[in-house]
Amino acid sequence: GSLIEPGCHNVCLVVKCSVLGGFSESDEIRALIASLPEISENAATKEVATEKFLVIMDRYQEQPHLLDPHLEWMMNMLLDIARNEKSPPPLLHLGFKFLYIISKVRGYKIFMQLFPHEVVDVHPVLDLLSRQNPKDPEIWETRYMLLLWLSMTCLIPFDLSRLDGHLDSVSGQAREPTMDRILAIVKTYLTVTDSCRYAAAVLVSKFMTRPDVKKKHLADFLDWSLTTIMQADEKLMIDLVVMDGTLQSLAQLFKHGKRDDFLQHAPTVLQCLDQKHLLESNHEMLRKLGVKLIQRLGLTFLKPRLAKWRYQRGSRSLAANLSMAQSTPGSETPGTPDVEMRDQEEDYDIPEEVETVIEQLLVGLKDTETIVRWSAAKGIGRVTGRLPKELADEVVESVLACFSFQETDNAWHGGCLALAELGRRGLLLPSRLANVVPLILKALTYDEKRGACSVGSNVRDAACYVCWAFARAYEPPELTPFVSQIASALLITTVFDRSVNCRRAASAAFQENVGRQGTFPHGIDIVTTADYFAVGNISNCYLTISVYIASFPDYTQAMIDHLIAMKINHWNDEIRDLATKALHNLTPQAPEYMASVLPQLLQSTTSSDLHGRHGAILAFAEITHALYKLGMLLVLSFSGELMRPAMCSLIEKMSLSKMPLKDDPVIEGWQWLIDDTLKSLHLMSSRTRDDSAIGALAALCEEYYQVGPGQADPRIQDLLVSQYVAGLKSPEVLTRSSSALALGCLPKCMARTRLQQILESLGGACVAGQKEVSFTEGRRDAVRAIAQLCVKVGVSAQGTPDSVICSGNIGQVYRPLLHSMGDYTTDSRGDVGSWVREAAMTSLMEVTLLVVSTAPELLAPDLVERMMCCIVQQAAEKIDRYRAHAGMVFLRLLHCSDPAVPHIHHREELLSIFPVETGTTLNWNASSHAFPYITQLLGLEHYRYHTLLGLTVSVGGLTSSTVRFSSQSLFEHLKGIQQDSTALGHFGDALLKVFKDNLRHDRVSIPLLKMLDMILSNNCFEVFATQEDHPFCVDLLALCKEEIKRSMSMQKLPSCIAVFCGLIQFRGPVRKLVLSQLLVLLGHGLFAVRKETAGQMYEMLLTYDDVVDAEVLDEAMTLLSDTNWENDLATVRTFRNQLSDMLGVPRPQLVAKVTVRDSMP
């Protein structure tokens, strides 16, 4: 994440956010805590209560201070449980778990202060902690909170020896002193593997700094700690944990202890760390703790004093800063340090060890991990604040050495963090800014290529943090000489950086400077546009925000120079493309300057750098086209996949610029390049180049291939159409795709007289034959091309089929589009047919709206019905994206009113379900929102079948949220028609028709079986079940038997078994047929099927106790549960036959069939 939090912005942003006003759930929490004794014994209720408490507390993660008025009573209620000796262990641990959740949200430093720390609390807490098992992973929260509580009890002002009394216990055995017991606990918990290690370090800082303890045990504890560290082996995980805990405890000790107590021990500790070479460890946490401890040692060596030479800014008030801009120029700057202060500064000796400390911290600035560099930077700031001015200046010089291009990105990042810390603390004097600012400007654009990616985003982010810190650290006059450079650099990073974190960090830094400094040109206007949220979209930054910022002359040239120098030759294709488009958009802001850079770009087109050549050609094309739009006409060895799209883009822009090249031989060369690019697409890796060639072809045809207004050159027309129609049958999928798009982009003049041939060819390309199954992209683009072509040629009811869309060719348009709505092709990438279906929905919408606006009489009723039903089916299916797209298309067609789409069945009912406002309010992506609307279509006769077909794959799918909400909505609909036998009968008939039409079609039949199981389990056909041999049950049983005939699918068979068990609820002789089928499966060749059948039959007999006579029920259930159904078939079938006799069902008879191995597939 960015180093600059959005909350630090000083220019307020009006955004929608969830701001809580108080702890509104206090009564609920009070009742929940009070109920803990009743729920602690039951694991299920305990888990529910814990989850509920956790959810409520997590709401206050961003505003934990709202809990402050309530912390005390929550702690007291929970500690009452701990203090009650009758509290069972589960209740005790649950209470401490709740305490831990509160401390996690509010922070342990605040929360632990509320622990009672009277004398009477010491021994109970100590005894309770002693009884815990340090290695039990289930109750670590108890130990964690007890350690924090014990830390607070160590604050009592009495000598701990006074709490011991008589050390002889009643049994005559000597009791261990309290001090020794706490010390033993400390040493135990500093070496555990869980979070209790951190709490133990806190305990050390409170316990070891007591006057009575440090006299007796401080030296010994330090010896023990250093010995532990020296003897630990980093290669062993347990030793890593020990070192981690020990180092944390030492860091806490040197942080909270008095300097006089620890000064004598500091050299020994530093020597130990040097010998251990912690900063060379392979483990970043050890390196971080080493840096943390070293800086604390450095602060121990130096006297705690505030450097008199530091720079002190005056007022920190925003209002004062903004008003200062209007004050007199000659007013005295309060932040300027007194020059004479150096002479008055007290001289004092600096220990030699401080040099070692600073060297180690400077090494830490170059560490490979951010947490280590961040700790080292803070250490540099703290230690420098206690040094004399001359030595502090040497430290600054050493930090500036990190900004060398011989150093790694880690050193640059650490250097930025250190400069920010020094600036924040007033330790970077204004005289140094002339050296520092150029380095920060370089850091703002630091980007080093490493293999297939680059490094440097963290450096740029940290450089933004430095600018943010400087805004708060210096008075406006100090930064005035650098305002222009810093403002331009920050805005360039804000709009042109590749990383969203860096763009947001730069935006925050710019806002801070606008608010604190008040000298940045046009600051408020820019801040309003380029805020934290606006810069989240990189395309918006390059193409929109940059144009607004460049409208201010202070920034225009700097932005253009940056794009030319650093972005059009960037290693990332997307950045180069956006940069060239940005140059196009920026041209109107400085056309003369843009024209002056064209010779430079032209020279770069012959550069040896491939990326540079590519970007230069694209930039030249974009700027040329932009200058043409402004009325400034300009007369001004490529290879490889990267250069072709750039050249195609140049051709497009030249054509759009209406260059006077008609009948020029160069046009043939341009056409050859476009055709060759289209033929070679299968050799190229990037899909984006398709668009450049297609765009170039459209512009070229429009400008250079007309012999008169609206009349194409017959020779060129015949050549191109024949060529692209032939390309639709290419064995290369991308050639098919590009040929389809080429036909779709042809201008009206080129399609005239050849429209039927093109439509027939595109329609054939939409159909997936056995050989064309893999050409999904080709079918998708053929579908898109049909709609594009229709838009180009237009619609006329009386027109000719070879020139416009009319009654003679409307079928040629709709047939392939409707056929494509059923494309469910799958391959290793998943449901690739969804690409075709999505394109078909879009094309149907575009063509229908076009026809309706011109000649609605062309739309036949059956065509509209089929189209709407297909779209409804897609709107009920399981993939959120395509469901949302189908919903959008459906509502567009339904709500179209000028004129309305004719022949839509149930229009009034549909408008009552989907009012006009649902076009904006209905979130089709959300299952919980969409399916309650979709299931209402089950009540409409013409849409029932297709709605149910789509719902089937949603209800019987794998995505839990989709299954949950779709099934919920389906059951709500079925519940509403339980008393309407006619409606229930229509639903059952539609369900059987879906099953029959998709028999052995696994995409539908497997989820359908799962849905049937759910419907039967919820007794949705209870009305039918009371009737003898209801036709629905009989037909469903027959279809299920047909579905699993000779099937060995472990996806299908278990679901079908569940359906059979659900059908047992139906009365009459059909029940015997269902039992017979289950008994057949009980003797199936796969033992997994036999086990599944036995298990589900056992549950069935538990649920429906009228299936078998009461006197043999127990025997039948025992046989099902105790039989080993993995035995050989002969043994298993003997038990199966016994069960047949018990159930009163004829024994299944063996028939001649292919032998199946009795094993899992």
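Axes here are lines fitted to C-alpha atoms, for helices over the stretch in contact, and angles run from 0 to 180 degrees between N-to-C directions. Helices are DSSP runs of H or I, at least four residues, and strands are runs of E, at least two, numbered from the N terminus. The model is predicted: local features need pLDDT of at least 70, side-chain atom pairs count only at pLDDT 80 or more, and totals for chains, interfaces and linings use all residues. Residues are numbered from 1 along each chain as its sequence is written, and side-chain values use heavy atoms, without hydrogens and water.

**Exercise 1.** Classify the packing of H47 against H49.

*Solution.*
- Take H47 (residues 927-934) and H49 (residues 960-976): their axes come within 8 Å and cross at roughly 30 degrees.
- Angles under 35 degrees count as roughly parallel, so H47 is roughly parallel to H49.
- Contact means heavy atoms within 4.5 Å. H47 brings Ser-927, Ser-928, Phe-931 and Pro-932; H49 brings Ser-961, Thr-962, Phe-965, Ser-966 and Ser-969.
- By class, that contact has three nonpolar, six polar and no charged residues. Nonpolar covers Ala, Val, Leu, Ile, Met, Phe, Trp, Tyr, Cys and Pro; charged covers Asp, Glu, Lys and Arg; the others, Gly among them, are polar.

**Exercise 2.** Do likewise for H1 and H4.

*Solution.*
- The axes of H1 (residues 26-34) and H4 (residues 68-83) come within 10 Å and cross at roughly 10 degrees.
- H1 is therefore roughly parallel to H4.
- Ser-26, Ile-29, Arg-30, Ile-33 and Ala-34 of H1 meet His-70, Trp-73, Met-74, Met-77 and Leu-78 of H4.
- This contact of H1 with H4 counts seven nonpolar, two polar and one charged residues.

Terms used: Angles under 35 degrees count as roughly parallel, over 145 as roughly antiparallel, 65 to 115 as roughly perpendicular and the rest as oblique.
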